[in-house]
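Subject: Structure handover

Hello,

Here is the structure for you to take over. My notes on it follow below.

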Amino acid sequence: MAAQSDNSTNENSENLSNHTGEGVIIDIGTGDGRFVYRSAAANPHKFYIGIDANAAPLEKISMKATRKPAKGGLPNVLFVQAAIENLPEELTAAADEIHIHFPWGSLLAAVARGDEQALASLRRIAAPECLLEIIIGIDEERDRAEIERLDLPPLSAEYLQKTLPAKYERAGFAVLESGALAPAEWSRLETSWARKLQSGSNRTVVYLVLQAV
Ligand SMILES: C[S@@+](CC[C@H](N)C(=O)[O-])C[C@H]1O[C@@H](n2cnc3c(N)ncnc32)[C@H](O)[C@@H]1O
């Protein structure tokens with residue numbers, strides 16, 4: 001699935017450097033594409049790629065992105081159906097920034113356990129000095145079944161500050177920052193899950209910011 005153009009292909013290729021001059025940003029597990037669409041509208045000189053294993057929630061927004069600019073079309077957006085386990089070869093060394101916000105299912109397992117193969121895929125799509133931002137929201141009680149199903153470790157300070165960073169470092173990412181986000185901070189994020197989860201008072205939201213080395 002792809003949504004990329006506002007006009008002709010020729011015009012797109014002529015204009016491509018205008019839209020990528022400030023970098024290529026990839027959002028994995030993009031959900032309904034809200035973060036990608038909003039960010040692309042606000043930053044016309046960056047190029048945004050939203051990736052999700054499930055294409056259904058992206059149908060509406062990918063159609064919108066292909067319209068004329070006056071009707072919400074954006075020339076600097078592309079949506080791709082793919083899983084973190086199998087990211088397209090075309091994305092190798094493409095990303096100046098990678099975002100993973102509120103992952104769930106196998107995406108959550110991959111980034112929270114630091115699975116070797118998934119981290120190698122992330123490193124493969126990273127351009128030199130690419131920034132990687134991961135934001136994980138877990139409610140130990142409400143999400144107990146999923147935590148057990150995915151065999152997730154407790155996201156303790158020790159785990160987040162030592163065990164997990166060591167796995168990312170082995171994969172070629174250095175940790176720049178890690179910590180917890182207060183509800184007032186994460187509810188400001190422009191993603192649909194950040195908005196949906198606002199009322200979950202027991203949810204712990206942690207983040208890691210890393211850089212490809
Ligand atoms: C809780 S939603 C978060 C969506 C969005 N990032 C947000 O904050 O609104 C998690 C997303 O991860 C996607 N996902 C789950 N496993 C995945 C995988 N292995 N690879 C890519 N996406 C995956 C799901 O389809 C879902 O859209």
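A salt bridge here is a side-chain nitrogen of Lys or Arg within 4 Å of a carboxyl oxygen of Asp or Glu. By this rule there are 7 salt bridges. One of them joins arginine 34 to glutamate 190, with the closest N and O atoms 3.0 Å apart. Arginine 34 lies in helix 2 and glutamate 190 in the loop between helix 8 and helix 9, so the pair ties together parts that are 156 residues apart in sequence. Helices (H or I, at least four residues) and strands (E, at least two) are DSSP runs, numbered from the N terminus.

The model is predicted: local features need pLDDT of at least 70, side-chain atom pairs count only at pLDDT 80 or more, and totals for chains, interfaces and linings use all residues. Residues are numbered from 1 along each chain as its sequence is written, and side-chain values use heavy atoms, with hydrogens and water left out.

Leucine 189 is in that loop too, between helix 8 (183-186) and helix 9 (192-196). Beyond its neighbours within four places in sequence, leucine 189 contacts Phe102, Ile135 and Ala194 (contact means heavy atoms within 4.5 Å).

Strand 6 runs antiparallel to strand 7 (residues 204-212), joined by 8 bridges. Glycine 179 stands opposite tyrosine 207 in strand 7.

Last, the largest pocket. A pocket is an open set of points on a 1 Å grid over the protein atoms alone, where a 1.4 Å probe fits, with protein on both sides within 12 Å along at least five of seven lines; lining residues have an atom within 4 Å of a point. The lining has 31 residues, and Gly29, Gly31, Asp52, Phe102 and Trp104 lie nearest the centre. Strand 1, helix 2 (34-42), helix 4 (105-113) and helix 9 each supply at least two lining residues. Helix 9 gives the most, with 3 residues.

Best wishes

Key. Two strands pair if DSSP finds at least two bridges between them.
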